[in-house]
Amino acid sequence: MGDRAQNRGVLDGKDAPGQSLYEQLSQRMLDISGDRGVLKDVIREGAGELVTPDASVLVKYSGYLEHMDKPFDSNCFRKTPRLMKLGEDITLRGMELGLLSMRRGELARFLFRPSYAYGALGCPPLFPPNTTVLFEIELLDFLDSAESDEFCALSTEQQNQFPLQKVLKVAATEREFGNYLFRQNRFCDAKVRYKRALLLLHRRLAPPEEQHLVEAAKLAVLLNLSFTYLKLDKPTMSLRYGEQALVIDQKNAKALFRCGQACLLMAEYQKARDFLVRAQKERPFSHDINSELKKLASYYSDYVDKEKEMCHRMFAPSANGSTVGED
């Protein structure tokens, strides 16, 4: 926090009154492009490996115009993480270079000269021609999709030539991508990633002593798919994947809970109760499970009341003394 506060002092113009804010910043920043077109100042160190060229990155960022009056994209910084693929989703050359210099958890400030930002033409009306911009970027995480994409493009026979650990690693990467997309409420995209992971695991024939590793990986993906289809309002599919998860682990509380939720949405109240009671047996103090059972009781009570009302109307005497529906 001390470093951040010190850097903020630079932004406030307290270090050298005769210089512009960008001049003050540039003097203490590292040249990462080789021509001072992209300058970097680390606010918080990251850890692990540098971002790889084919990675997808999960970032929060904010940008400032050259006069530093106010952020032009402040709502994105520290509020809305974005998952972006290098070489595809990032339009600023400077941002891509900056990200390639970062590690997981790192928070850094970058100055992008016009040739690394919006160029001589700018991007009116927000960015004037030849505008230097400042970005603060927080790298939450990144995933290298190149290995996964290349492996998934192989035939089943080619994939089977690789050791099991390779398959498990690629499937885990696909699942992690799905998790990121899910957290962004991109449920259809998440579903595609989860299904790719499941297909890889279904194709793989593992020796008996390693089969438990494949089953554990399948279980995690099936639970993800069941939850995703609930979010997509497709309870039938959610139930299907939840039941597949129960084949692997019949006492899995999450699978039982998802199946119960799906049945409740389909108004199959008895099946919903059976699943939820079994889930409660595994996790008796789960707030989510107990809340779903209360919801089920309320829905079932309303259902019974409506059935009684319908029966009453069917068999109530009409004005001429006959019963409705009587021949």
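**Close-up views of a predicted model**

**The lining of the largest cavity has three nonpolar, two polar and two charged residues.** Ala, Val, Leu, Ile, Met, Phe, Trp, Tyr, Cys and Pro count here as nonpolar, Asp, Glu, Lys and Arg as charged, and the others, including Gly, as polar. The model is predicted, so local features need pLDDT of at least 70 and side-chain atom pairs count only at pLDDT 80 or more, while totals for chains, interfaces and linings use all residues. Residues are numbered from 1 along each chain as its sequence is written, and side-chain values use heavy atoms, with hydrogens and water left out. The lining consists of F151, Q159, N160, V167, L200, R203 and R204. A cavity is a set of points, on a 1 Å grid over the protein atoms alone, where a 1.4 Å probe fits but cannot get out; lining residues have an atom within 4 Å of a point. The count is one cavity of 30 Å³ or more, and the largest cavity holds about 30 Å³ of space. Grid points are joined across faces, edges and corners, and the volume is the space filled by probe spheres set on the points.

**Q159, one of the lining residues, sits in helix α5.** Helices (H or I, at least four residues) and strands (E, at least two) are DSSP runs numbered from the N terminus. Q159 has a relative accessible area of 3% and is therefore buried; buried means under 20%, exposed over 50%, and partly exposed in between (1.4 Å probe, protein chains only). A polar atom of the Q159 side chain lies 3.0 Å from the backbone oxygen of F151. The Q159 side chain also reaches the backbone oxygen of L154 at 3.3 Å. Polar contacts are pairs of N or O atoms within 3.5 Å; within protein, one must be able to donate a hydrogen and the other to accept it, and residues adjacent in sequence count only if both atoms are side-chain atoms. Beyond four places away in sequence, Q159 touches F151, C152, L154, V167, L200, R203 and R204, where contact means heavy atoms within 4.5 Å.

**Helix α4 (residues 145–152) has buried residues S145, A146, S148 and F151.** These buried residues pack against β4, β5, β8, α5 (156–159), α6 (164–183) and α7 (187–203).

**Strand β4 (residues 55–64) is largely enclosed by the rest of the structure, because 10 of its 10 residues are buried.** A55, V57, V59, Y61 and G63 point one way, S56, L58, K60, S62 and Y64 point the other way, and all are buried. Strand β8 (residues 133–144) runs antiparallel to β4 and is joined to it by 10 bridges; two strands pair if DSSP finds at least two bridges between them. In β8, D141 stands opposite L58. Strand β5 (residues 82–85) pairs with β4 in the antiparallel sense over four bridges, and R82 of β5 is the bridge partner of V59.

**Strand β8 is mostly covered, with 10 of its 12 residues buried.** Strand β7 (residues 107–112) pairs with β8 in the antiparallel sense over six bridges. The bridge partner of A108 is I137 in β8.

**V51 lies in the loop between β3 (47–50) and β4.** Its relative accessibility is 5%, so V51 counts as buried. V51 and D144 are 93 residues apart along the chain, yet their C-alpha atoms are separated by 8.2 Å. Apart from neighbours within four places in sequence, V51 is in contact with V57, L86, L99, L100, M102, L139 and F142.

Terms used:
On a 1 Å grid over the protein atoms alone, a cavity is a set of points where a 1.4 Å probe fits but cannot get out, and a pocket is an open set with protein on both sides within 12 Å along at least five of seven lines; lining residues have an atom within 4 Å of a point.
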